[in-house]
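Visitor: I'd like to learn how to read a protein model. Could you walk me through it?

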Amino acid sequence: MHKKGRRALEGVRILDFTWVVAGPVATRILADQGAQVIKVERRDTLDLGTRRGGFSGNLHRGKESTVVNMTDPRGIEIAQQLVAVSDVVIDNFSARVMRNWGLDYESLKKIKPDVIAVSMSGFGHTGPQKDYVSYGPTLQALSGYTLQMRHPGKEPAGWGYSYADMTGGYSGALAVLMALWHRKRTGQGQFVDLSQFEAISSLIGPGMLDILNNNRPSEPIGNRSQEAPAAPHGVYRCAGEDRWCAITVFTETEWQKLCQVLGRPTWTQETDFATLADRLKHQDALDRHFEDWTRQQTAEDVMSRLQEVGIAAGVVANGEDLDQDSQLQARGYWARMQASEGQVELDRMDMMEGMDIVLDGPPLKLSQTPGYVAAPGPLLGEHTDSVLSQLLDYSAEQIAQLKEDRVIASHAEIHAERAERK
């Protein structure tokens, strides 16, 4: 654990039933700010990458993992006991799941009257689609994002990343903070009905306005400028594997400076490119000529040469670029820690112990209560014993019996089972 100052949400306990990405993003934000986040997981949980680092580890960093069989009445009872000592209960199931477990808001209030319940379902708890399940790419298609993600006249390309999950996660974290503030002022909990479909739809912006006001979808603009007329404008391939540079030329002065950097090849003197209006009209041809030059340069060289003469240019960064980025390093953005002894990966024990883990840190810095990543991701069931014994006062004998009956599981049991299956 880091020896740092007090964080803003210390003293807040969150019972976390979320899974996949959107919900874990919400609770990750809260955990970084000091909330105790207790995850309720299945023993057959599937992870993406390693639990300590990687994708799953980054989503679950700083949280505690318990494995509880929610198909067993005793598992439901354990969950209810955890509700009684928690401030917030959060899930991102479809609307019916928590109700089927008897953990809907009306039932939770009977256990803890001032509890805050946040349901991050795909479509909310009302309406004809309230019981539908969803994933981020589905919501992006339904809200119009997938149609927007294409070049003019081309087929929808879709998103390479589930932006809807991040939108839902940030909305969920904000909802928890608003509900906590309300409870601090009034002493009352409340139910937060968060529709991830609405969360992603609310951020479409001009595209949504086109649909509402003109009854038609807006035409995607590809890599063309949305701010003001500009040419060249786009993302241009550079030397190397999958290396690109984003470049914008707005004014005639910038165009002349670009021509100077290029060495004024003959194509820059063609009448098709004489004025900004001409360059906009013949932008596809302009892009082809310009990319013949960028392909011969590294992205870093293109950026530095153009920036030197006052042209907006920036490398399209990959993960390695971000890891080495001087600005992020200067701000202490990356959280670096080790998987210490006893904190080893289920299926990679010989590889994870002592291994450096790099996680992205909180993007905001509070001067009095700075957030930080307190620990890497938990192993599956790593905290089952400690949560039941320290928080719920279960005896060692009770815990052993529940394990024998497969109501709960700790990391050790799960690891032994997986090792035996191998």
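Visitor: At what angle do the axes of helix 18 and helix 19 cross?

Guide: First, a word on what you're looking at. This is a predicted model, where local features need pLDDT of at least 70, side-chain atom pairs count only at pLDDT 80 or more, and totals for chains, interfaces and linings use all residues. Residues are numbered from 1 along each chain as its sequence is written, and side-chain values use heavy atoms, with hydrogens and water left out.

Guide: Now the general idea: two packed helices are described by the angle between their axes and the distance between the axes. Here, helix 18 (residues 384-391) and helix 19 (residues 396-404) have axes that cross at roughly 140° and come within 10 Å. That makes helix 18 oblique to helix 19. Angles under 35 degrees count as roughly parallel, over 145 as roughly antiparallel, 65 to 115 as roughly perpendicular, and the rest as oblique.

Visitor: Which residues in helix 18 and helix 19 meet?

Guide: From helix 18 you get Asp385, Leu388 and Ser389, and they meet Ile399, Leu402 and Lys403 in helix 19. Contact means heavy atoms within 4.5 Å. The residues of this contact divide into 3 nonpolar, 1 polar and 2 charged.

Visitor: And the rings? How many aromatic pairs are there?

Guide: A pair of aromatic rings is described by the distance of the centres and the angle of the planes. Rings of Phe, Tyr and Trp (its six-membered ring) pair if their centres lie within 6.5 Å; planes under 30 degrees apart count as stacked, over 60 as edge-to-face and the rest as tilted. By this rule the count comes to 13 aromatic pairs. Take Phe93 and Trp101: they're edge-to-face, at 5.5 Å centre to centre with 90° between the planes. Ring pairs also link Phe17, Phe93 and Trp101 into a cluster.

Visitor: Is Phe93 buried or exposed?

Guide: Phe93 has a relative accessible area of 15%, so it counts as buried. The cut-offs are under 20% for buried, over 50% for exposed, and partly exposed in between (1.4 Å probe, protein chains only). Trp101, at 23%, is partly exposed.

Visitor: What does Leu15 touch?

Guide: Leu15 sits in strand 1 (residues 13-16), and at 0% relative accessibility Leu15 counts as buried. Leaving out residues up to four places away in sequence, Leu15 touches several residues, including Ile38, Val40, Ala79 and Leu82. By the way, helices (H or I, at least four residues) and strands (E, at least two) are DSSP runs, numbered from the N terminus.

Terms used:
Axes fitted to C-alpha atoms, helices over the stretch in contact; angles between N-to-C directions. Nonpolar A, V, L, I, M, F, W, Y, C, P; charged D, E, K, R; others polar.
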